[in-house]
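Trainee: I am new to this structure and would like to learn how to read its features. Could we go through them together, starting with the surroundings of the ligand?

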Amino acid sequence: MSRALRNLSERFLPDKSGARKRSREIDAMLKQDWRCGELILLFGSDKSGKTTFLKQMRLVKGAEFNHEERLKFREAIYNNIIRGMRVLVQERKKLGIPWQNSANEMHEMLIESFERRMNFEPCAFKPYVSAIDSLWKDSGIQEAHRSRTNFELYESVKYYFDNIHRIGQLNYLPNNQDILYTHKYRSKEDDYIVLRDSPFLVAVYCLRGPLSRIFPIMCPILYIIGSSDYDQISDEYNCLVQSLDMFKTLYNKKMFLNNNIILFFNKMDLLAEKVQTADIRKHFPEFQGDPHRLEDVQEFLIQSFKKRTGNYSRLVFYHMITAVDIENFRDVFKTVEDIVMCRNLKGFPIL
Ligand SMILES: Nc1nc2c(ncn2[C@@H]2O[C@H](COP(=O)(O)OP(=O)(O)OP(=O)(O)O)[C@@H](O)[C@H]2O)c(=O)[nH]1
Ligand SMILES: [Mg+2]
């Protein structure tokens with residue numbers, strides 16, 4: 001491990017305080033020279049699962065979240081739940097779907113008046129618990145939820161609604177699974193991780209940022225794809241197309257021509273569920289095959305990314321994952337290590 005990385009790990013292991021200072025210092029450290037294999041870059045389109053991937057890498061290395069961090073996640077979970085339900089009640093209204101239970105009009109008012117909160121304590125969340133439970137059971141909300149591909153809603157809210165009574169307890173502290181399902185709104189401290197006893201730092205980057213000043217070296221690139229996003233629209237832009245375009249930009253960036261790229265087709269759990277009912281041909285008429293067969297849709301995704309690589313070829317590995325799956329992430333971590341250390345590469349599927 002280089003001195004730069006050692007300094008960095010000593011100073012930035014997850015439980016250290018002073019997030020803003022930490023983030024500034026990490027930026028400064030990243031400008032230093034890094035040897036290949038010490039720094040891993042993580043890219044991916046919005047909400048594809050980059051932060052979840054980082055959280056898992058951290059957990060695999062045994063760096064558990066401490067009490068203070070869990071309290072912050074609790075606050076994020078409360079906000080995720082109420083904001084998620086607010087989206088659903090608003091969409092129900094827009095779609096003109098009637099309430100099954102008219103008592104929910106009152107709950108709707110409570111949810112609609114919610115503003116994002118800091119220092120959100122369990123006793124302040126308590127009044128929302130029965131409202132969320134009652135709304136979630138209403139066929140009006142269920143119907144709005146079924147049409148969620150037409151508006152932006154985090155898939156994880158279903159998990160939280162299903163667990164609302166556990167989460168609503170006054171002594172609630174999120175477990176690791178709950179934490180993996182959170183979506184925190186952009187915070188830079190989420191985007192870096194130095195892994196204990198591991199030779200590398202993983203950093204999330206956004207392609208819109210000023211990249212050239214930061215990476216003078218060849219470092220492996222992990223690219224996360226939200227595989228189930230093929231029918232999601234964000235800012236009038238299909239999310240899968242957004243991911244394909246971003247990959248094309250990355251693939252063709254001169255500064256990354258020598259970097260190994262590993263594509264992680266994430267959200268396989270959601271994809272498997274989605275193909276049962278959704279028809280990918282509505283969004284991608286060029287799809288040939290059975291739209292309800294997972295393997296056909298996976299192959300289409302692989303080929304779509306392959307097409308974005310244009311005329312010249314280089315090694316691009318790929319892997320199918322479910323980033324929220326704690327059990328299987330050890331294998332994913334091993335894959336990352338193997339590729340970063342360039343070992344056992346023979347068996348890896350290549351784009
Ligand atoms: N079901 C399921 N949910 C996932 C998976 N991966 C990520 N998520 C959820 O998707 C949401 C977005 O994931 P994040 O990790 O925050 O995505 P991100 O790419 O960091 O998002 P931004 O930083 O906003 O661009 C979170 O609520 C995650 O829990 C997955 O494999 N399956
Ligand atoms: Mg993120």
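Mentor: Helices are DSSP runs of H or I with at least four residues, numbered from the N terminus; here α3 (50–60) and α12 (268–277) each supply at least two residues of the shell around ligand 1. The largest share, three residues, comes from α3. This is a predicted model, in which local features need pLDDT of at least 70 and side-chain atom pairs count only at pLDDT 80 or more, while totals for chains, interfaces and linings use all residues. Residues are numbered from 1 along each chain as its sequence is written, chains are lettered from A and ligands numbered from 1 in the order in which they are written, and side-chain values use heavy atoms, with hydrogens and water left out.

Trainee: Which residues around ligand 1 come nearest?

Mentor: A residue is near a molecule if one of its heavy atoms lies within 4 Å of it; of the 21 residues around ligand 1, those that come nearest are K50, T51, T52, L180 and D269.

Trainee: Which atoms lie 3.0 Å or 2.9 Å from an oxygen atom of ligand 1?

Mentor: A polar contact is a pair of N or O atoms within 3.5 Å. An oxygen atom of ligand 1 lies 3.0 Å from a backbone N or O atom of K47, and an oxygen atom of the ligand is 3.0 Å from an N or O atom in the side chain of N266. For A323, a polar backbone atom is 2.9 Å from an oxygen atom of ligand 1. The protein buries 95% of the 650 Å² that ligand 1 exposes when taken alone, with areas from the Shrake-Rupley method and a 1.4 Å probe.

Trainee: How should I read the packing of α3 and α14?

Mentor: Two packed helices are described by the angle between their axes and the distance between the axes. The axes of α3 and helix α14 (residues 329–340) cross at roughly 95° and come within 10 Å, which makes α3 roughly perpendicular to α14 (65 to 115 degrees; axes are lines fitted to C-alpha atoms over the stretch in contact, and angles run from 0 to 180 degrees between N-to-C directions). Their contact (heavy atoms within 4.5 Å) is made by F53, Q56, M57 and V60 of α3 and F329, R330, V332, F333 and V336 of α14.

Definitions and conventions
Polar contact = N/O pair within 3.5 Å; in protein donor to acceptor, adjacent residues only side chain to side chain. Parallel < 35°, antiparallel > 145°, perpendicular 65-115°, else oblique.
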